[in-house]
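This briefing is for a reader who is new to the structure shown below.

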Amino acid sequence: MASMLLTSLRSSPLTSVQAAQFAARSLSTSVHLQAQAKSKKTLATPGVKNIVLVDGVRTPFLQSGTIYANLMPHDLARAALQGLLNRTGLPKDAVDYIVYGTVIQEVKTSNVAREAALGAGFSDKTPAHTVTMACISSNQAMTTAVGLIAAGQCDAVVAGGVEFMSDVPIRHSRKMRKTMLSLNKAKTLGARLSLLGSIRLAHLAPELPAVAEFSTAETMGHSADRLAAAFGVSRLEQDEFALRSHMLAKKAQDSGLLSDVISFKVPGKDIVSKDNGIRPSTMEQMAKLKPAFIKPHGTVTAANSSFLTDGASAVLIMSEEKALAMGYKPKAYLRDFVYVSQDPKDQLLLGPTYATPKVLEKSGLTLNDIDVFEFHEAFAGQIMANLKAMESDWFAQTYMGRKTKVGAPPMEKFNTWGGSLSLGHPFAATGCRLVTTVAHRLQKEGGQYGLVAACAAGGQGHAMVIEAYPQ
């Protein structure tokens with residue numbers, strides 16, 4: 001696939017010059033850009049329950065190994081849940097169910113949803129379960145909540161996600177684990193000594209975790225580098241997009257637009273109230289970095305990749321009827337959503353390209369109807385590759401079974417408050433950030449429809465259409 005893509009997409013509409021123009025245009029356009037008021041139909045369906053986002057919060061997203069380093073995942077999840085309760089004034093016993101996402105599980109709190117809920121003071125009569133779907137885990141948590149409400153099982157569900165990369169589980173080697181389990185079962189001193197004598201130095205080597213595909217054994221960064229090469233995405237384009245993300249995030253942070261961030265008092269440390277990975281640089285400084293995965297000729301670097309992040313998010317999802325009865329003014333309607341999956345080797349990170357047209361068709365909308373786009377930025381190369389794929393008739397016809405291209409989102413509507421490259425990417429918490437950001441941008445910019453899209457490990461992806469709640 002790679003050689004075919006490289007040959008066919010070299011002349012893709014998104015050249016490095018145009019990418020620079022897109023970045024410059026986004027940076028010179030105020031993030032307060034008002035969307036043109038349009039007379040659009042609502043996506044409400046007669047006889048079908050409206051499901052709304054009441055509010056959403058998140059802890060500050062921090063680089064792993066920094067201020068959160070001595071905590072545990074449920075500490076961050078609990079903080080997000082408590083922040084949501086404080087923000088909404090929601091009675092703790094009014095929640096029917098809690099769903100949380102996580103990717104790298106802490107073995108002591110395998111059902112982190114339940115542990116965090118109890119720690120946050122929710123009723124012990126409120127069920128809670130944990131889901132995992134790589135980088136779209138909290139997306140899965142939210143759509144699970146939507147399903148519970150749509151089915152009439154619940155009226156109010158809290159969904160969220162947490163990731164804690166500062167202290168990931170590191171296992172002994174398999175031979176060492178087998179020996180230790182056998183030691184636990186040994187009944188005599190002789191048996192124990194025999195097992196201890198069988199231990200070799202090589203058995204002590206730990207199994208270190210890696211952000212890699214089990215099915216292909218390839219790290220995601222390596223896959224992103226190959227994808228960028230396949231679509232002819234240059235190092236310059238990737239650095240330009242990454243710089244755009246950081247500069248827009250900095251502007252949004254300084255302007256007070258990131259209102260979903262709650263302050264969190266870290267035990268034994270100061271109160272944290274801001275993301276700490278937003279660091280606008282210069283193209284010259286970024287150009288000095290060496291390739292991080294494919295050396296020496298790769299184009300993916302630390303500067304144009306999302307960084308390992310600790311953080312948690314939470315949203316309150318309700319039936320519209322219940323929300324209004326409780327006196328809430330919802331922020332948005334959660335409308336149609338889709339999940340997709342494709343080849344995890346050559347199309348690992350193309351989820352947005354496949355999911356976007358499906359969710360638009362399901363909603364009866366076109367790309368032009370969308371006022372706000374929020375795509376997950378795993379790597380700058382991944383974003384640029386998706387944009388090129390969406391602009392390619394050849395890719396649509398060859399791989400997607402479509403007659404014409406999907407079309408790429410206009411950059412003036414795209415991730416204008418920064419993205420995962422700059423804000424951070426706690427794997428299972430990003431989905432809620434994307435949805436909450438869309439709701440806030442629709443309110444700020446006067447738009448009606450927003451679209452969230454994300455890729456995930458395993459070659460999976462997700463997209464959702466969000467409709468602004470009438471002001």
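**Pockets, strands and cysteines**

The largest pocket holds about 1100 Å³ of space. It is lined by 37 residues, and the closest to its centre are Ile104, Pro209, Ala210, Val211 and Ala212. The model is a predicted one.

**Largest pocket: lining by class**

- Nonpolar residues number 25 in the lining of the largest pocket.
- The lining of the largest pocket also has 9 polar and 3 charged residues.

**Second largest pocket**

- The second largest pocket has a volume of about 320 Å³.
- Its lining is made up of 14 residues, of which Val48, Lys49, Leu334, Arg335 and Asp336 are the closest to the centre.
- Two elements, helix 5 (137–150) and strand 9 (332–341), each give two or more residues to the lining of the second largest pocket.
- Strand 9 gives the most to this lining, with 4 residues.
- Sorted by class, the lining of the second largest pocket has 7 nonpolar, 3 polar and 4 charged residues.

**Strands 10 and 11**

- Strand 10 covers residues 372–375, and strand 11 covers residues 449–456.
- The two strands pair in the parallel sense, over 4 bridges.
- Within this pairing, Glu374 of strand 10 stands opposite Val452 in strand 11.
- In a regular strand, side chains alternate between the two faces of the sheet.
- In strand 10, Val372 and Glu374 point one way, while Phe373 and Phe375 point the other way.
- Val372, Phe373, Glu374 and Phe375 are all buried.

**Cysteines**

- How many disulfides does the structure hold? The count is 0.
- A disulfide is a covalent bond between the sulfur atoms of two cysteines.
- Cys432 is in no disulfide either, as the nearest cysteine sulfur, that of Cys135, is 14 Å away.
- Is Cys135 buried or exposed? Cys135 is buried, with a relative accessible area of 8%.
- Cys432 is also buried, and its relative accessible area is 1%.
- Both values fall under the 20% limit, so both residues count as buried.

Terms used: Residues numbered from 1 in each chain as written. Predicted model: local features only at pLDDT ≥ 70, side-chain atom pairs only at ≥ 80, totals over all residues. Heavy atoms only, no water. Disulfide = S-S within 2.5 Å. Buried < 20%, exposed > 50% of the residue type's maximum accessible area, 1.4 Å probe, protein only. Pairing = 2+ DSSP bridges. 1 Å grid on protein atoms, 1.4 Å probe; cavity = no way out; pocket = protein on both sides within 12 Å on 5 of 7 lines; lining within 4 Å. Points joined across faces, edges and corners; volume = space filled by probe spheres on them. Nonpolar A, V, L, I, M, F, W, Y, C, P; charged D, E, K, R; others polar.
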